[in-house]
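Subject: A structure for you to explore

Hi there,

I am handing over the structure we talked about, so please open it next to this email. Below it you will find a short tour of what turned up.

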Amino acid sequence: MSSLSNLAARDVETLVHPYINLASFRESGPLIIERARGIYVYDTTGKAYIEGMAGLWCTALGYGNEELVEVAAEQMRKLSFAHLFTGRSHDPAIELAEKLKEIAPVPISKVFFCNSGSEANDTQVKLIWYLNNALGRPHKKKIISRMKAYHGVTVAAASLTGLPANHRDFDLPLPGFLHAGCPHYYRFGQEGESEEEFATRLAAELDEMIVKEGPETVAAFIAEPVMGAGGVIVPPRSYFEKVMAVCAKHDVFMVSDEVICGFGRLGTAFGCQKLNFVPHAISIAKALSSAYLPIAGVMIPEMMYQALLAESKKIGVFGHGFTYGGHPVAAAVALKAIEIYARDRIFERAAEQHPNSKADWRRSMLIRSWARHAGLVSSAVLNWWQTKQAAGHLQRRTASVRARSAVPSRKV
């Protein structure tokens, strides 16, 4: 660690970083970002990087947006903090909830605010259990996610997540969390199986899982429209149509995790619109505020809200909430972000860019074995040998161009 800068060494000795090999990190140290503007971030040496992932799929309006900065400062001066516990409220939370109901792709009764996608999906689990207790179905509690899904890292959200590294030695997943097949045709499609047949098989396997567990015990199915951290997996076109039919057959509550796909990532306001399915409830976060401040939410249907009313009346209180849920500054920034998305046609512009991004991928120097595109999300599976051949071809072509450019042109 002696080769690390003072700032990097201080980082290693004071912080625990998520998603890294902590042992090797002690030698390599962090990449320290000092400032950012637009699509660029700059390290402490002044080197610029294009932030291709928009942070963690979240800074949808780029860095240093003065409109968002100003609205945050204005709200901070007016009301720097207020909570929503015990009946208190404030304008930004009310206005944001109204706006979210207005733009929701499905009928939404209420919005519950929290601070991250993990908290939103954790809340989804609690509300689904609460709902079934209110409906007199105390055994209908199992929740089905999918292999390679990512829904967060709290205890319940990590149980929904279908990635082994998020489970190992954390004693996860908890009992009652199941994982159906991953809709990655390239990886999991059988020989001679079309994408349509693959989607049909996955739906049939989901149906078999529910029947085996007992439909009276299975409460919900949760899915990202396009799977993010699991590998940017775009499902076959008919996948959700078939899966939704299975959920309806067995009275299974459907949650769309829009933490990544929401607010224009796929060229539509919400990912479920792009993938043509109608969920019961929706989780939102990330681009809700363009990541300028932490804010997330659960968009709740009327039937679930009625269950919350009934149970809180019986118990005397709705015993769930977060200190910073619906923070007035974060809510004000989120409202302004949604205003900018609409005013500047951000969703439409993302949709318009889709064919161009696809063409750019095709012109890429890498020969791809398989690729998928949805809005501004693209993924590719690279064949090692083909990639090596493509790299060699590129080197030869570059050498040829350099050789030609070194020969003086003849006058005609």
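The chain has 15 helices and twelve strands; helices (H or I, at least four residues) and strands (E, at least two) are DSSP runs, numbered from the N terminus. Please keep in mind that this is a predicted model, where local features need pLDDT of at least 70 and side-chain atom pairs count only at pLDDT 80 or more, while totals for chains, interfaces and linings use all residues. Residues are numbered from 1 along each chain as its sequence is written, and side-chain values use heavy atoms, with hydrogens and water left out.

**The chain as a whole**

Of the 412 residues, 46% count as buried. Buried means under 20% relative accessible area, exposed means over 50%, and partly exposed is in between (1.4 Å probe, protein chains only). Among contacts (heavy atoms within 4.5 Å) with a separation of 6 or more, 67% join residues 24 or more positions apart.

Strand 1 (residues 33-37) pairs with strand 2 (residues 40-43) in the antiparallel sense over four bridges. Two strands pair if DSSP finds at least two bridges between them. In this pairing A36 stands opposite V41 of strand 2. Two residues lie between the strands of this hairpin, and G38 in the turn has a positive phi of about 65 degrees.

Strand 2 also runs antiparallel to strand 3 (residues 48-50), joined by three bridges. Here Y42 has A48 in strand 3 as its bridge partner. This hairpin has four residues between its strands, and G46 in the turn has a positive phi of about 90 degrees.

Most residues other than glycine have a negative phi, and most peptide bonds are trans. Which residues other than glycine have a positive phi here? One is A54, with phi near 55 degrees. A54 is in helix 3 (residues 54-57) and counts as buried because its relative accessibility is 12%. Another is V232, with a positive phi of about 50 degrees. V232 is in the loop between strand 7 (218-223) and helix 10 (239-249), and V232 is buried, with a relative accessible area of 13%.

The peptide bond from L172 to P173 is cis, with omega near 0 degrees. You will find P173 in the loop between helix 7 (155-160) and strand 6 (177-180).

**Nonpolar cores**

A nonpolar core is a set of buried Ala, Val, Leu, Ile, Met, Phe, Trp, Tyr and Cys residues joined through side-chain atoms within 4.5 Å. The largest one holds 64 residues, and L96, L100, F221, F263 and L288 touch the most other members. Helix 13 (residues 328-343) gives the largest share of this core, eleven residues. A second, separate core of 26 residues includes F112, F177, V255 and V298.

Take F221 as an example: leaving aside neighbours within four places in sequence, its contacts include I144, L206, Y239, V243 and V255.

**A pocket and a cavity**

Rolling a probe the size of a water molecule over the atoms shows where empty space is left. On a 1 Å grid over the protein atoms alone, a cavity is a set of points where a 1.4 Å probe fits but cannot get out, and a pocket is an open set with protein on both sides within 12 Å along at least five of seven lines; lining residues have an atom within 4 Å of a point. Grid points are joined across faces, edges and corners, and a volume is the space filled by probe spheres set on the points.

How much space lies in the largest pocket? About 1200 Å³. Of the 36 residues that line this pocket, P18, Y19, L56, Y150 and V153 are the closest to its centre. The lining divides into 21 nonpolar, eleven polar and four charged residues. Here Ala, Val, Leu, Ile, Met, Phe, Trp, Tyr, Cys and Pro count as nonpolar, Asp, Glu, Lys and Arg as charged, and the others, Gly among them, as polar.

The search of the whole structure finds one cavity of 30 Å³ or more. A180, G181, L202, L206, Y239 and V243 line the largest cavity.

**One buried serine**

S283 is in strand 9 (residues 281-284) and is buried, with a relative accessible area of 0%. S283 and S256 are 27 residues apart in sequence and 6.4 Å apart in space, C-alpha to C-alpha.

Enjoy exploring!
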